Amino acid sequence: MFTLISFFLSLISLTMIIYAFVNIHTSMNDKTLFAKALLDAVGLIVIGMAVFDVSKFLLEEEVIKSHEEITHSTQKATLSKFLVIIAIAVSLEALVFIFNAGKKDISLLIYPALLLVAVSFLVISLALYHKMT
């Protein structure tokens, strides 16, 4: 079951990345659309890579390592790896949102800034978890 889920997640991420490149290619003739396509492509590629990383994570942890004995240190490493994947993806997406909001309306910058604050709390929480365990 996890193999099938991992396969479909990989397929979705590959589709997102291909769509980003196709979108860039089709907007090359118009400079205003090209700049927007580049920013959108960054967001799609970041999300696509995060989805691919999650699918790889599922395959490694649930299919390949499913027969190994699960220890506390293994669980800690697995949780840390998953949270780092999420933190990186959300951070990069927040940066893309900052660039988009800066070009449209400066009052929209509060939302990506709050997203970066949330990611910061996630990283600090992960560090505290590692310190306490």
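The model is a predicted one. F8 also belongs to an aromatic pair: a search of the whole structure finds two such pairs, and one of them joins F7 to F8. A pair of aromatic rings is described by the distance of the centres and the angle of the planes. For F7 and F8 the centres are 5.5 Å apart and the planes stand at 65 degrees. An angle over 60 degrees counts as edge-to-face, so the F7 and F8 pair is given that label.

The other pair is formed by F57 and F82, with 5.5 Å from centre to centre and 35 degrees between the planes. This arrangement is tilted. The pair links distant parts of the chain, since F57 sits in helix α2 and F82 in helix α3, which spans residues 72-104. F82, at 30%, counts as partly exposed.

Helix α2 covers residues 31-64, and it packs with helix α1, residues 2-26. Two packed helices are described by the angle between their axes and the distance between the axes. For α1 and α2 the angle is about 165 degrees and the axes are 8 Å apart. Angles over 145 degrees count as roughly antiparallel, and α1 and α2 therefore fall in that class. Their crossing is left-handed. The residues of the contact of α1 with α2 comprise 23 nonpolar, seven polar and two charged ones.

Between these two helices runs a loop, and S27 lies in it. With a relative accessibility of 7%, S27 counts as buried. A polar atom of the S27 side chain lies 3.2 Å from the backbone oxygen of I24.

Helix α3 packs with helix α4, residues 110-132, at an angle of about 165 degrees, and their axes are 9 Å apart. That angle makes α3 roughly antiparallel to α4. The crossing of α3 and α4 is left-handed, and a left-handed crossing is also what α1 and α2 show.

Definitions and conventions. Residues numbered from 1 in each chain as written. Predicted model: local features only at pLDDT ≥ 70, side-chain atom pairs only at ≥ 80, totals over all residues. Heavy atoms only, no water. Axes fitted to C-alpha atoms, helices over the stretch in contact; angles between N-to-C directions. Helix = DSSP H or I, 4+ residues; strand = E, 2+ residues; numbered from the N terminus. Parallel < 35°, antiparallel > 145°, perpendicular 65-115°, else oblique. Left-handed = near helix turned anticlockwise from the far one by under 90°. Nonpolar A, V, L, I, M, F, W, Y, C, P; charged D, E, K, R; others polar. Phe/Tyr/Trp six-rings, centres within 6.5 Å; stacked < 30°, edge-to-face > 60°. Buried < 20%, exposed > 50% of the residue type's maximum accessible area, 1.4 Å probe, protein only. Polar contact = N/O pair within 3.5 Å; in protein donor to acceptor, adjacent residues only side chain to side chain.
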